[in-house]
Amino acid sequence: MEADQHELYENAKSRVTQKKFLFYHLVLLLIGSVFLFIANKWLSFYPEKDWWTWAVTIWVFIFIFHSIKFFIINKFMDKNWERHQIDKLIIQQTKKIEVLKMNQNKAKTSEE
């Protein structure tokens, strides 16, 4: 396998793993929500309050953030984005080093 194909394979594999964990999270959310409802209502675990709705609401918000990370953030901030940012920082650093060297050379020539 060529390097480019291997990189594409690794990116696809990473994306599939992320999608798998998102689906696991969804299934766990659904099963957990049913369990929390049953614990609150049928098993009479603090039945005077509907605490299960708050727990499920918080869990849904966490799932929404997980989904946003998967569907939006990871699409835009992938390996190409990382490479672009690294290249941009390297260019900035080399420019700063060149300026420092030029200033150092000017200081040496002015001393002489």
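**Before selecting anything.** The model is predicted: local features require a pLDDT of at least 70, side-chain atom pairs count only at pLDDT 80 or more, and totals for chains, interfaces and linings use all residues. Residues are numbered from 1 along each chain as its sequence is written, and side-chain values use heavy atoms, with hydrogens and water left out.

**Colour by confidence.** The pLDDT, the predictor's confidence in each residue from 0 to 100, averages 87 over the protein chain, and 97% of the residues score at least 70. Confidence is highest in H2, at a mean of 91, and lowest in H3, at 85. Helices here are DSSP runs of H or I of at least four residues, numbered from the N terminus.

**Select the pocket lining.** Select Glu7, Asn11, Ser14, Arg15, Gln18, Asn74, Lys75, Met77, Asp78, Lys79, Asn80 and Glu82, which line the largest pocket. H1, H2 (51–76) and H3 (79–111) each give two or more residues to this lining, and H1 gives the most, with 5 residues. The volume of the largest pocket is about 310 Å³, taken as the space filled by probe spheres set on grid points joined across faces, edges and corners. A pocket is an open set of points on a 1 Å grid over the protein atoms alone, where a 1.4 Å probe fits, with protein on both sides within 12 Å along at least five of seven lines; lining residues have an atom within 4 Å of a point.

**Move to the aromatic rings.** The structure holds 4 aromatic pairs; rings of Phe, Tyr and Trp (its six-membered ring) pair if their centres lie within 6.5 Å, and planes under 30 degrees apart count as stacked, over 60 as edge-to-face and the rest as tilted. Select Phe37 and Trp52, an edge-to-face pair at 4.9 Å centre to centre with 80° between the planes. Phe37 lies in H1 and Trp52 in H2, so the pair ties together parts 15 residues apart in sequence.

**Finish at Ala39.** Ala39 is in helix H1 (residues 3–41). Ala39 is buried, at 8% relative accessible area (buried means under 20%, exposed over 50%, partly exposed in between; 1.4 Å probe, protein chains only). Display Ser44, Phe45 and Trp51, which Ala39 touches when residues up to four places away in sequence are not counted; contact means heavy atoms within 4.5 Å.
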